[in-house]
Amino acid sequence: MSIDWAALGSVFGVSLVATVALVGLFTLGIAGLSRQERATAAGGSAALAVTGAYVCFAACAAAVAYGIYLIVA
């Protein structure tokens, strides 16, 4: 039995990058929603921040759905 270290390193690198990207995207969504709450408290509107937050959450959901599709298929 031999281990293909290059393939193992590649899988590790891709999973690390994907995890950091997904967490960063979700964090941007949370930040957008908090900006909307602050703007509402101040009497303003933050429509662009809310739209960006929803886009971030949709991208996270799409990435998770694609990952599940890859595992199931």
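Me: In which segment does Met-1 lie?
Reply: This is a predicted model, in which local features need pLDDT of at least 70 and side-chain atom pairs count only at pLDDT 80 or more, while totals for chains, interfaces and linings use all residues. Residues are numbered from 1 along each chain as its sequence is written, and side-chain values use heavy atoms, with hydrogens and water left out. Helices are DSSP runs of H or I with at least four residues, numbered from the N terminus. Met-1 lies in the segment before α1.

Me: Which residues of α1 are buried?
Reply: Buried means under 20% relative accessible area, exposed over 50%, and partly exposed in between, with a 1.4 Å probe and protein chains only. The buried residues of α1 pack against α2, where contact means heavy atoms within 4.5 Å. In α1, the buried residues are Gly-29, Gly-32 and Ala-39.

Me: Which residues of α2 are buried?
Reply: Helix α2 covers residues 47-72 and reaches 37 Å from its first C-alpha to its last, close to the 38 Å expected. What covers its buried residues includes α1. In α2, they are Ala-49, Val-50, Ala-53, Cys-56 and Cys-60.

Me: Are the rings of Phe-26 and Phe-57 stacked, edge-to-face or tilted, and why?
Reply: The structure holds two aromatic pairs. Rings of Phe, Tyr and Trp (its six-membered ring) pair if their centres lie within 6.5 Å; planes under 30 degrees apart count as stacked, over 60 as edge-to-face and the rest as tilted. The rings of Phe-26 and Phe-57 have centres 5.2 Å apart and planes at 55°, so this pair is tilted.

Me: How many residues apart are Phe-26 and Phe-57?
Reply: At 44% relative accessibility, Phe-26 counts as partly exposed, and so does Phe-57 at 21%. Phe-26 is in helix α1 and Phe-57 in helix α2, and the pair links distant parts of the chain, 31 residues apart.

Me: How far apart in space are Ala-63 and Val-23?
Reply: Ala-63 has its place in helix α2 and is partly exposed, with a relative accessible area of 33%. Ala-63 and Val-23 are 40 residues apart in sequence; in space, C-alpha to C-alpha, they are 11 Å apart.

Definitions and conventions. Helix = DSSP H or I, 4+ residues; strand = E, 2+ residues; numbered from the N terminus. Expected span 1.5 Å × (residues − 1).
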